[in-house]
Amino acid sequence: KTFCTMLTKVKLRQKPLADGKLSLYLDFYPPIADPVTGKKTRREFLQLHIWEKPKGSLQRQHNADTLFVAEQIRFERENALLKSNIYSDLEKEHIAYLERSEKKFIEYYEESFKDKPLANWYRYSGAFYLLKKFCPKDIKFKDITLKWCENFRNFVLRADSLFHEGKTLAQTTRHNYFRCFRTILLQAFNEGYLRENLNAKLECIPRKDRPRQFLSVSELNQLIQTPCSKDNLKRAALFSALTGLRFGDIQALTWEKLEHQPGEGYYLNFTMRKTGGIMRLPISEQAVELMGRRGKYGEYVFPKLSRDPLYRKALREWVYDAGIQKHISFHCFRHSFATNQLTAGTDITTVSKMLGHSDLKTTMIYAKVVDNVKREAADRVKLKF
């Protein structure tokens with residue numbers, strides 16, 4: 001253990017006031033750092049007062065009670081300063097951990113996701129709902145073990161849908177909820193609430209691969225030649241197929257986010273609504289043409305673009321009129337961008353960055369789609385032996 005050469009002494013002292021009272025304060029020697037300003041100080045006023053010349057039994061009793069409280073405070077301050085001098089760094093860290101381990105896990109989880117972007121907030125909120133069903137509100141970090149986490153994983157695997165009575169959770173939803181839970185565990189470990197990285201020891205819940213609908217270049221050309229009842233929807237959808245942008249980012253796109261660099265071309269500078277990540281995305285001349293005539297600062301590039309059922313109906317009719325027999329949503333145009341880029345030979349790392357993916361594994365889904373397309377193409381050529 002490390003000992004300080006001079007221990008701080010704490011004395012209880014009195015300062016006369018004009019109204020016949022005495023203000024009580026603590027005198028530190030040598031001086032200590034003020035917890036607010038950080039400057040060295042010898043005094044801490046306790047906001048406690050006694051009568052200098054007490055009159056009657058009530059004032060004498062007040063003085064006795066107040067002095068008792070002040071002496072308790074003095075003892076606590078001196079004891080705390082003594083401990084800070086004699087404890088080793090390891091012991092101090094252990095004491096700090098013990099304090100953190102008393103924090104309620106449910107409260108920590110709720111505090112951790114309240115400022116997440118909206119799309120992620122729904123996932124963390126869903127996992128939070130399951131957590132509250134699985135464990136009591138007063139569970140503390142000291143009670144969180146690997147076995148407890150594995151039991152919660154099993155609970156998620158058996159959980160029913162939050163919104164559809166009588167139905168179980170979709171596999172992808174289970175994956176997302178448990179992934180949010182593991183992210184919070186990792187954060188808690190990094191912040192010193194957990195002694196071990198439980199996240200690294202937990203088996204994830206696998207995501208169920210879903211077939212990704214996309215439009216080939218020839219199908220996109222068919223759509224270009226086909227009229228749509230909502231012109232801004234048509235332009236926005238084709239814009240997504242050329243840039244890979246999500247509906248929400250296109251809907252929020254304003255003209256000042258478009259930048260032109262001589263000798264380089266056009267860029268979009270924006271913050272992704274889903275993840276909060278900042279993007280600087282190069283876009284083609286064709287994509288710029290779809291944006292139309294440049295508007296004023298703050299004006300939307302695709303005004304009145306909406307998720308209204310009328311727009312979804314217009315999209316279905318447009319695809320049907322083009323002779324395309326696929327179930328196409330607006331997000332499929334983003335899938336089309338990724339698939340067509342990979343098919344054209346763009347490396348997967350570049351595609352991943354252009355999509356704004358934080359994990360290359362997410363982009364690998366499109367690589368599987370391209371492999372299936374190549375497989376189908378290879379099987380079309382057959383010889384007769």
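Student: How many bridges join E4 to strand E5, and which way do the two run?
Tutor: Four bridges join E4 to E5, residues 265–271, and the strands run antiparallel. Two strands count as paired if DSSP finds at least two bridges between them. Strands (E, at least two residues) and helices (H or I, at least four) are DSSP runs, numbered from the N terminus.

Student: Before we go on, what kind of model is this?
Tutor: This is a predicted model, where local features need pLDDT of at least 70 and side-chain atom pairs count only at pLDDT 80 or more, while totals for chains, interfaces and linings use all residues. Residues are numbered from 1 along each chain as its sequence is written, and side-chain values use heavy atoms, with hydrogens and water left out.

Student: Thanks! Which residue in E5 is the bridge partner of Gln261?
Tutor: Gln261 is bridged to Gly265. Leu258 also has a partner in E5, namely Leu268.

Student: And what sits between E4 and E5 in the hairpin?
Tutor: Three residues lie between the strands, and Gly263 in the turn has a positive phi of about 85°.

Student: In what order do the three strands of the open sheet come?
Tutor: The order is E4-E5-E6, with antiparallel pairing. E4 (258–261) and E6 (278–283) are at the edges with a single partner strand each, so one side of each is left without a neighbour in the sheet. On average, neighbouring strands here are turned by 30° against each other, direction ignored.

Student: Switching to helices: at what angle do the axes of H9 and H12 cross?
Tutor: Roughly 70°, and the axes of H9 (residues 231–243) and H12 (residues 309–321) come within 10 Å. H9 is therefore roughly perpendicular to H12. Axes are lines fitted to C-alpha atoms, for helices over the stretch in contact, with angles from 0 to 180 degrees between N-to-C directions. Angles under 35 degrees count as roughly parallel, over 145 as roughly antiparallel, 65 to 115 as roughly perpendicular, and the rest as oblique.

Student: Is the crossing of H9 and H12 left-handed or right-handed?
Tutor: H9 passes H12 in a right-handed crossing. The contact involves Asn232, Leu233, Lys234, Ala237 and Leu238 of H9, together with Tyr311, Ala314, Leu315 and Trp318 of H12. These residues divide into seven nonpolar, one polar and one charged. Contact means heavy atoms within 4.5 Å. A crossing is right-handed if the near helix is turned clockwise from the far one by less than a right angle, and left-handed if anticlockwise. Ala, Val, Leu, Ile, Met, Phe, Trp, Tyr, Cys and Pro count as nonpolar, Asp, Glu, Lys and Arg as charged, and the others, Gly among them, as polar.

Student: How do the axes of H9 and helix H13 compare?
Tutor: The axes of H9 and H13 (residues 331–343) come within 6 Å and cross at roughly 30°. The two helices are therefore roughly parallel to each other. Their contact is made by Ala237, Ser240, Ala241, Leu242 and Thr243 of H9 and Phe333, Arg334 and Phe337 of H13.

Student: Last topic: how many salt bridges does the structure hold?
Tutor: There are 14 (a salt bridge is a side-chain nitrogen of Lys or Arg within 4 Å of a carboxyl oxygen of Asp or Glu). Arg13 is in E1 (residues 9–16) and Asp27 in E2 (residues 21–33), 14 residues apart.
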